[in-house]
Amino acid sequence: MKWVANLLVFCTAQIILISLQTSLWMQVLGNFPAPQLWLPAFIYWCLYRRPPESIAMLYLTVFMAGSLTALPYSLLLLILVLIFIGVFFLKERIYWSGSTFYMLACGFGILLFPFLHFALSWLLESNPIHDPELFNWIISILLTMLFSLPLYRLFSVIDHLIRPVEGRKREGIV
Amino acid sequence: MNFFSIDFKKAFVVLTVVVIPLLTVNMQRNSESGGILEPFRWISGLTQMGYSSFSSGVRGTTAMYLDLIDIKKTNLNLIKENAELRAQLGSMTELQLENERLNQLLGFKQQTNMELLAAKVIGKDLLPEHNTITINRGSEHGLKKNMAALTVAGAVGYVYKVQNYTSQILLLTDRYSAIDAIIQRSRARGILEGFSRENCRMRYLRRDDDVVDGDMIVTSGLDNIFPKGFPIGMVTSVKKSEYGITQEIEVQPIINASNLEEIFVVLNSHSEDFSPVDPNAQGESEPQAAKTVEQTL
């Protein structure tokens with residue numbers, strides 16, 4: 001029961017963060033590049049959940065984020081699967097508990113995204129990306145890493161309040 | 001007691017009381033001529049001046065201090081008032097600009113035969129590589145997939161995802177966007193695709209089609225999405241490959257999508273045609289839609 005509640009709270013947080021990025025950010029800061037606020041929750045689940053749980057969150061993220069972009073679901077799914085594999089390997093090779101590793105993983109994930117998008121676009125699309133939004137992505141990566149710290153605190157609090165203790169013990173959170 | 005007997009002591013007192021003031025009056029009358037009282041008067045004057053200066057100084061300093069306190073208070077009040085007025089002014093300016101924009105939209109809506117629905121831009125795409133916007137109108141308001149989105153000055157894009165109360169518009173500059181378009185002057189026809197954040201390109205134009213820099217690109221109306229002859233953009237470059245049978249042209253859209261705030265969705269175009277009567281005469285002039293609005297305003 002707690003697992004479902006935890007998943008629902010994370011999904012709600014994800015929707016709020018996506019809306020904040022696509023709507024509120026634009027209304028307050030106009031065209032200034034926005035942080036990719038939808039990625040940290042996904043990365044959090046990649047790092048601190050078992051792979052099946054992470055994959056569940058991966059699909060949910062695709063459905064939630066995919067509804068607010070012109071990027072096809074299939075391509076978004078492919079990119080996120082590759083990011084999941086990348087973060088999984090990063091976790092396997094180097095891992096230390098705490099927020100700094102989470103920030104590093106977020107930075108890694110968000111850095112992978114535009115490269116994978118660009119590469120897959122050229123591989124699979126008839127009208128691929130011609131002008132990569134480099135400036136946008138650089139600002140976006142920095143802002144996402146900056147925002148990932150308070151988000152880590154928020155996610156930790158959510159986990160502390162509504163997550164089965166055995167799960168937290170397994171991930172070394174308790 | 002004898003009537004004529006005089007008490008000299010009393011008489012002296014009476015005389016002193018009566019005579020001394022008389023003498024004083026007399027002395028004052030003669031003071032203009034100076035005399036013995038002049039030094040006293042000078043010293044008194046000086047003393048008075050000193051007191052006056054001192055008193056004036058004290059009063060001045062006290063007043064200045066009190067004024068400063070008052071000025072400080074007034075200044076704080078004025079700063080606060082100024083900030084409030086600035087905020088009000090900003091709000092008024094924003095309202096005025098919004099009013100102007102809405103007036104323009106309303107004028108356009110009244111002028112045209114098309115059935116239009118005004119919508120407000122409430123969001124943009126999740127990823128910087130894609131150019132879409134979210135509007136506050138959905139299927140509950142009669143929106144359907146592939147309806148055209150435009151502003152007074154030109155075409156914006158078309159509806160590609162519809163929810164109950166919101167919809168996403170695929171802008172002309174998005175890579176996934178493709179609409180049927182023609183060169184206004186020569187009537188050469190091609191497909192306009194999104195290319196980058198600021199540019200589109202027109203493909204499948206025949207090599208011998210007459211296109212030059214600065215030509216106006218308008219909607220063909222053949223895709224049943226846009227009304228015919230609605231402005232899209234201007235040709236910025238023409239590329240003809242050495243052996244190809246087609247040519248590619250770059251187009252700068254008239255609408256800067258990053259500044260969009262309100263748009264129209266075409267619910268029914270009623271076969272509205274914005275094409276000029278003589279396309280050759282209209283070729284290098286301003287868009288018909290813009291003219292229509294100008295006439296309205």
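Here Ala, Val, Leu, Ile, Met, Phe, Trp, Tyr, Cys and Pro count as nonpolar, Asp, Glu, Lys and Arg as charged, and the others, Gly among them, as polar. With that sorted, the lining of the largest pocket comes out at 18 nonpolar, 17 polar and eleven charged residues. Keep in mind that this is a predicted model.

**The largest pocket**

- Its volume is about 1,000 Å³.
- Lining it are 46 residues, and the ones closest to its centre are Asn31(A), Lys124(B), Ala257(B), Ser258(B) and Asn259(B).
- From chain A, helix 1 (2–29) and helix 6 (134–161) each put at least two residues into the lining.
- From chain B, helix 2 (38–111), strand 1 (115–124), strand 2 (132–135), strand 4 (155–162) and strand 11 (246–253) each do likewise.

**The cavity**

- You'll find one cavity of 30 Å³ or more in the structure.
- The largest cavity holds about 100 Å³ of space.
- Sorted by class, the lining of the largest cavity has three nonpolar, four polar and five charged residues.

**Helix 2 against helix 4, chain A**

- The axes of helix 2 (residues 39–48) and helix 4 (residues 73–93) of chain A come within 9 Å and cross at roughly 45°, so helix 2 of chain A is oblique to helix 4 of chain A.
- The crossing of these two helices of chain A is right-handed.
- On the helix 2 side, the contact uses Leu39(A), Phe42(A), Ile43(A), Cys46(A), Leu47(A) and Tyr48(A); helix 4 answers with Leu80(A), Ile83(A), Phe84(A), Val87(A) and Lys91(A).
- That contact has ten nonpolar, no polar and one charged residues.

**Helix 4 against helix 5, chain A**

- Helix 4 of chain A also packs with helix 5 (residues 99–124) of chain A, at an angle of about 140° and with the axes 9 Å apart.
- Angles over 145 degrees would count as roughly antiparallel, so helix 4 and helix 5 of chain A are oblique to each other.
- Helix 4 of chain A passes helix 5 of chain A in a right-handed crossing.
- The contact of helix 4 with helix 5 of chain A divides into 17 nonpolar, three polar and one charged residues.

How values were computed:
Residues are numbered from 1 along each chain as its sequence is written. Chains are lettered from A and ligands numbered from 1 in the order in which they are written. This is a predicted model: local features need pLDDT of at least 70, side-chain atom pairs count only at pLDDT 80 or more; totals for chains, interfaces and linings use all residues. Side-chain values use heavy atoms; hydrogens and water are left out. Axes are lines fitted to C-alpha atoms, for helices over the stretch in contact, and angles run from 0 to 180 degrees between N-to-C directions. Helices (H or I, at least four residues) and strands (E, at least two) are DSSP runs, numbered from the N terminus. Angles under 35 degrees count as roughly parallel, over 145 as roughly antiparallel, 65 to 115 as roughly perpendicular and the rest as oblique. A crossing is left-handed if the near helix is turned anticlockwise from the far one by less than a right angle, and right-handed if clockwise. Contact means heavy atoms within 4.5 Å. On a 1 Å grid over the protein atoms alone, a cavity is a set of points where a 1.4 Å probe fits but cannot get out, and a pocket is an open set with protein on both sides within 12 Å along at least five of seven lines; lining residues have an atom within 4 Å of a point. Grid points are joined across faces, edges and corners, and a volume is the space filled by probe spheres set on the points.
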